[in-house]
Amino acid sequence: MPLLNIISFLGIFGLCFIAWLFSENRSLRVFPWRVVIAGILLQLVLGACVFILPGTRDALQIFSNLLNSVFDAADTGARFVFGRNIVPVPGTPPDVNLGYIFAFRALPTVIFFSGLMALLYNIGVIQVITNVFAKVFYTVMRLSGAEALSGAANIFVGIEAAIVVKPFLPKMTRSELCAILACCFGTAASSTLAIYVSFLKPVFPNILGHLVSASIMAIPACFVLSKILVPETEVPVTAGGIPVEEKQTKVRDTAVQPADVAADADKFPRTRIQMDDDDDAPVVPQETVGGEPIERVSPLDAAIVGALDGVKMAVAIAAVLILILGLVSLINQIFGGLAALPSPIGDVFQVVTLANILGVLFLPLTALTGVSLNWEELWQSSVIIGRRLFETAIPPYQALAAAAALPEGTRVISDRAVLIVSYALSGFAHLASVGIFVGGTIALIPSRRKDISELGWKALFIGTLATLMIACVAGVFDTGNASILGEQQPPVVSPTPTPTPTPLTAPTASPTTTVSPTPIAVPAKPSPLATQAAPQPSLKPTTTPQVRVTPAQPSVSPKPTGVRQPGQ
């Protein structure tokens, strides 16, 4: 086994040791040996299926192609609303190339995915898949039933996974609550995968299938690390099995009598009619849209409600990006002002930036993944991974795509680094999610506010370690086979009369706009220390809607080089 693969394998246990150092109870008597051993073995088995077994890899490719069709369908709806210049037809250059506009290309896909997932949930497809994974987690790792069910639901959703086990939340142990919160941080909702795929697909054609496998592998990783950090010292209520999922969003309907509810119970085949604790008045399963209660009566109705929820999610994503990137820019401007001071203060802040501080913080953890033995590649990978803590995963994924799309002679990031960092960035382990997950869970169980507030930061720490652990698993099985990343199609030359640079040439020095048929633009080369906030005093996030890695050399044009594959 090559040295890097050995480092990745040992990194799995190194991350467990780090979690044990911060554990609430480091006694070996309460150490979760079965959860740790079974959870690590389960990750390795899943990794072997994805990376080694030819049949599984072929199935993963087929699955990726099917999901790519879903993305194409989402683009079709967005193209009708925004036009072909903003959402181009695959393989056909637009009349006016406006480049990749995040708000019009990525966010509509979030809306479509949200509606699609609501539709699949309404017809029972998601429940079947969730129950299969819940049984696997419960049987192999011997978790509580509520933990296993909520963790399996996290493969597809975010904080909504806690709603699946809402009746059991008030009586859950601290260890159970920490595990459920950690799964929220360590996995990515299916609706956000569309954003990551849109950035990485030109340089990582199989990225969608790998992100799905990363979400699955992250669940046992979160359980392993959460049980080490907050060991189970009590007996969970659902230790005996997986609970039956029940509809949780209900409002009272006093006009319905118990006999009528019983007669109409067949209208809700996946819903158990519940009675209020105080009296015998029944409650009817309903949803709330725009402040008005509604009942989901058909799959189409469920899809529409899901799409409306997707609109709120898309707006929330845009708002968080505007706020976070604005704050990062403000901090970078402060560093830039300090760097302009006379020596020696100015010399220090030439390299002391927010991105580099995070890069130093994450450097030991990145080294455990076995990403590279080359210092420049290891450092750039660490900076990209560290940026997620403040900036969410979206700008780092875009930075990774930019670094991987550079010409061979100037490229620092290797294919192995692209694979490992892609796994390490998956998940919601960033500060912006703390308010979402902690606040959302407290809203479900206000009586456990104190415990959830204390466990929220620990869950963020666990989610960060869990994404690095699945990156280690990817590093263990990476053999350098080109089929892992997928076959990249040759770039299509723009059919303009004037010659344009090919996608694999270095950027020109001219700052003017180059017309290209590519819908996704990839920024120019960053320096080994470069991120969106590079060490120069004047550097700051760009003011365009696209978030990019700012070039470290002022002589190189900041205009991106187009890289794409036909049919995207």
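This is a predicted model: local features need pLDDT of at least 70, side-chain atom pairs count only at pLDDT 80 or more; totals for chains, interfaces and linings use all residues.

Modeller: Residues are numbered from 1 along each chain as its sequence is written, and side-chain values use heavy atoms, with hydrogens and water left out.

Colleague: Why is the pair of W375 and W379 called stacked?

Modeller: Rings of Phe, Tyr and Trp (its six-membered ring) pair if their centres lie within 6.5 Å; planes under 30 degrees apart count as stacked, over 60 as edge-to-face and the rest as tilted. The ring centres of W375 and W379 are 6.0 Å apart and the planes stand at 25 degrees, so the pair is stacked. Both residues belong to helix α16 (residues 375–391), four residues apart, about one turn of the helix.

Colleague: What makes the pair of F428 and F437 tilted?

Modeller: Here the centres are 6.1 Å apart and the planes are at 35 degrees, so the pair is tilted.

Colleague: Why is W375 called exposed, and why is W379 called buried?

Modeller: Buried means under 20% relative accessible area, exposed over 50%, and partly exposed in between (1.4 Å probe, protein chains only). W375 has 51% and is therefore exposed, whereas W379 has 6% and is therefore buried.

Colleague: How do you know that R174 and D451 meet in a salt bridge?

Modeller: The term requires a side-chain nitrogen of Lys or Arg within 4 Å of a carboxyl oxygen of Asp or Glu. For R174 and D451 the N to O distance is 3.6 Å, a salt bridge. R174 lies in helix α9 (residues 174–186) and D451 in helix α20 (residues 449–477), so the pair ties together parts 277 residues apart in sequence. At 23% relative accessibility, R174 counts as partly exposed.

Colleague: What makes R416 and D478 a salt bridge?

Modeller: Their closest N and O atoms are 3.2 Å apart. R416, at 10% relative accessibility, counts as buried, and D478, at 11%, is buried.

Colleague: Which residues form the nonpolar patch on the surface?

Modeller: I123, V125, V128, I129, V132, V136 and V140 form it, with about 500 Å² of accessible area together. Patches take residues with over 30% relative accessible area and no salt bridge, joining like charges within 9 Å and nonpolar side chains (Val, Leu, Ile, Met, Phe, Trp, Tyr) within 5 Å. I123 has 47% relative accessibility and therefore counts as partly exposed.

Notes
Accessible areas come from the Shrake-Rupley method with a 1.4 Å probe; for residues, only the protein chains shown count as cover. Helices (H or I, at least four residues) and strands (E, at least two) are DSSP runs, numbered from the N terminus.
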